[in-house]
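Subject: Model for your review

Hello,

Here is the structure I promised to pass on. Please open it first; my notes follow below.

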2 protein chains.
Amino acid sequence: MSSQPESPGITAKKGENFSEWYTQVVLKAGLADYAPVKGFIVLRPYGYAIWESIRDILDRRFKETGHQNGFLPVLIPESLLGREKDHFAGFIPEVFWVTKAGDNDIGERLALRPTSETLAYSIFAKWITSYRDLPLKINYWNSALRAEIKATKPFIRTSEFLWQEGHTVHASEAEAEQEVALILDIYRELIEEHIAVPTVRGFKSDKEKFVGAKYTTTLEGMMSDGKALQMGTSHHLAQNFSKPFEIKYLGKDTQEHLAWQTSWGVSWRLIGALIMVHGDDKGLILPPRLAPIQVIIVPIFRDKDAQVVIENARNLESELRQQGIRAHLDARSEYTSGWKFNEWELKGVPLRINIGPRDIEKGTVELARRDTREKSPCGRKLVVETAKEMLDKIQINLYEKARTLLQDKTARPHDYAEFKSLMEGKGGFASAGWCGRLECEEKIKEETGADIRVIPFDQAEKPEACILCGKPSEKVAMFARAY
Amino acid sequence: MSSQPESPGITAKKGENFSEWYTQVVLKAGLADYAPVKGFIVLRPYGYAIWESIRDILDRRFKETGHQNGFLPVLIPESLLGREKDHFAGFIPEVFWVTKAGDNDIGERLALRPTSETLAYSIFAKWITSYRDLPLKINYWNSALRAEIKATKPFIRTSEFLWQEGHTVHASEAEAEQEVALILDIYRELIEEHIAVPTVRGFKSDKEKFVGAKYTTTLEGMMSDGKALQMGTSHHLAQNFSKPFEIKYLGKDTQEHLAWQTSWGVSWRLIGALIMVHGDDKGLILPPRLAPIQVIIVPIFRDKDAQVVIENARNLESELRQQGIRAHLDARSEYTSGWKFNEWELKGVPLRINIGPRDIEKGTVELARRDTREKSPCGRKLVVETAKEMLDKIQINLYEKARTLLQDKTARPHDYAEFKSLMEGKGGFASAGWCGRLECEEKIKEETGADIRVIPFDQAEKPEACILCGKPSEKVAMFARAY
């Protein structure tokens, strides 16, 4: 076994060099790699399998709630992109432009989709004529392209990213607003119950909302380094797009009405979030409900035991699979079991089962939890049941740890000096009063690097004076430096 | 009900104006629509649902046979695209180029992926160092972009199309060749057993093979208008790409070796094929195994019966679903049942169940087959079982009809005059000897519009003299005009 490659372990510490640690996890756990064009990444199969888990969970919920999928081309004519002015101005600095096809200049420049509102709505306008055509609720699984000028980071900030974008059209504003809330709750369910990351939910400020929206609702998460991450957004577009795109319908009242709209999306950023929140110095830790492999079985054998041990391990794999557990047997003979332990820890598989000749004699196996790294023996007949229980416990434990992180990194500074030193120090969310004026929001950003991440729906705390200017505040906002 | 919109029926006849008929089916059955940029289409939910069926069938088979999915960006640097010369020359006339990001010129031009061999292999070269890393078998579900100069046609020829592209790397040529054959068989299974279209399988000629491949294997189908359609291809790349991209591995023999490669793909063209082959003057006819909705239940009621009939119909829907049948109840009150019959026929749902108050009294329903348009009564308790049987029969019937079409449109012309008049007349496949020379292949194309579509694996017929030059022929080729 001397010729086997070195185990590709993480050499950076999460607590010491967070950014380097993150990059190593992404690359060494086999999630993604850099593409030849700067700012772009490719997904390796393990990374893509996590995206498939996320996609399948959301796709099922979208369909259960009456949404359908569609396809839109990646190219949008410049004139169409410009039809809603704020929207255009917001995206124009980061648009990739196609100007040639083969050797020929094309007429009008074509934008690579930064988001599809304009393209979708120019077409929806043709499809919708009557109240009978409403609501229209379509989701698109695709990628969006935004030329990133800032430093890029796999999953968190890349010039092309996988996402879903939903677009709906409704007959009334109330129905559109219900949709905005429904989707935010579907996102919450995905992020909290599957990805095991708690969120703060609420509104974006006008400065931070989606360009073209009446308002944006958001889910914000807190990463281990004290920076916030926007996990998903759901926008109420009101009639801001239906006016320029003339999305009108004939009502039951035989009158023509402008329609009401929403749009919403989450991206592979969620993979970045789960790496940052759950990972440790050994690598990735995947929440069981999302993990492509929930249980890895590592047979421990010498040549003379190989057949018996592998056969036994294969039976175990099939028992687990029959019970709906995503189990995988690593029967490769060209790697030692020690090498495999390291690799599957690096890849964050929640539970490992070690099985060797002595275990078989004794009728036991060894279970090793990835999150706590505890090992425990288990009777062979109880493995399936115990594995199920343990996966549930790991899921809960990861969420609880993430909740503790969020609590530890949420503070209520009493004055602006404390606010500033917080942002310069351990970071996290500062929950503080805000007068509602752009002036203060911009000055705080300039002086501390902190944005208003979210104005929570849950305003349990009594609104105070604005943390900067001291004027009366109607709402408490959560400020943070962010990705 | 006088205000309900007119039923959007097909006005062209399949036998009279095939091209117009096809376009009407695509648009009126709600499969796709034109995008604002010429040559591009959007998929509406019903069209996308058919693509999802195709994708799910293939994805399951790919995974069962050891393939995994990944993601590649849509942008490829020009230098990378040019590294394999034949490949580059083949694609360059139809490449869309990005030359700007925001207001800035970018350095090197970026191609929108016409296919991903070059990008994938520049990265695979980093991932593969040892025999332990092989085989590498990755599939990508994405879209490809090729600026179409010829007349475009939804699903058949568009400047962006949905597809999957598989890319594999192997330690030996034999293993690569087995992969090429395995994939072609997975495609055959999809196309014949699910899409219900028979195919002729074999090799492409050197002129028609994938640019950069050693050889291309193909599945060719015959459309109702006598034109052939390439349904899927699987390429043996040999070491043509591993050389320029330096995909090398250290073998068990501790020597360095060049790897062997394959690539393969099918696109949403398959949707075009099923429309053309199975459709009729009433619209689409979907093979049951692929249909997003297999059984549509139309309740027939007046106001006073509405509740009873709908409740009964809903029970039926849930019984069918419990048995794994994709059933849908059309309970909309704003359309008449006659309107619904037309719409679901247009959309090609294989089986319709009509249920009215008199049926409920008698304990029966009415079944209406889409393919034969036969109606038959059925006892309420036997519905699930009968529907299952009928769906199987429809699947078989569609395949048998398509097989008859293929047989009717395959001829063996005795001489070149007969060959020519065949191509100018009813079209179809001409099975004929070919000397193997490019010269004859090109002259036949020029004079008759017919390509060599496929040199069948199954050379049951005795090879004859070349249909054009009369020189000895080793193989029989299938010629046809094609999409």
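In which helix does S242(A) lie? S242(A) belongs to helix α7 (residues 242–245) of chain A, where helices (H or I, at least four residues) and strands (E, at least two) are DSSP runs, numbered from the N terminus.

Before the rest, some housekeeping. This is a predicted model, in which local features need pLDDT of at least 70, side-chain atom pairs count only at pLDDT 80 or more, and totals for chains, interfaces and linings use all residues. Residues are numbered from 1 along each chain as its sequence is written, while chains are lettered from A and ligands numbered from 1 in the order in which they are written.

Around S242(A)

S242(A) counts as buried because it has 23 C-beta neighbours inside 10 Å; the cut-offs are 20 or more other C-beta atoms within 10 Å for buried, 12 or fewer for exposed, and partly exposed in between, with C-beta atoms placed from the backbone. Leaving out residues up to four places away in sequence, S242(A) touches I247(A), L258(A), A259(A) and Q261(A). Contact here means that C-beta atoms, placed from the backbone, lie within 7 Å.

The sheet in chain A

In chain A, 11 strands make up an open sheet with mixed pairing, in the order β3-β7-β8-β14-β11-β10-β9-β22-β23-β21-β20. Its edge strands, β3 (68–69) and β20 (410–411), each pair on one side only; strands pair if DSSP finds at least two bridges between them. Within the sheet, β9 (residues 200–203) and β10 (residues 215–222) of chain A are antiparallel and share 4 bridges. One bridge there sets V200(A) against E220(A) in β10(A).

How the chains meet

On the chain B side, 45 residues are in contact with 45 residues of chain A. Strand β5 (residues 96–101) of chain B contributes the most to that side, with 6 residues. By class, the side has 29 nonpolar, 8 polar and 8 charged residues; Ala, Val, Leu, Ile, Met, Phe, Trp, Tyr, Cys and Pro count as nonpolar, Asp, Glu, Lys and Arg as charged, and the others, Gly among them, as polar.

Strand β5 (residues 96–101) of chain A runs antiparallel to β5(B), joined by 5 bridges. V98(A) has V98(B) as its bridge partner.

Regards

Technical notes: Contact = placed C-beta atoms within 7 Å.
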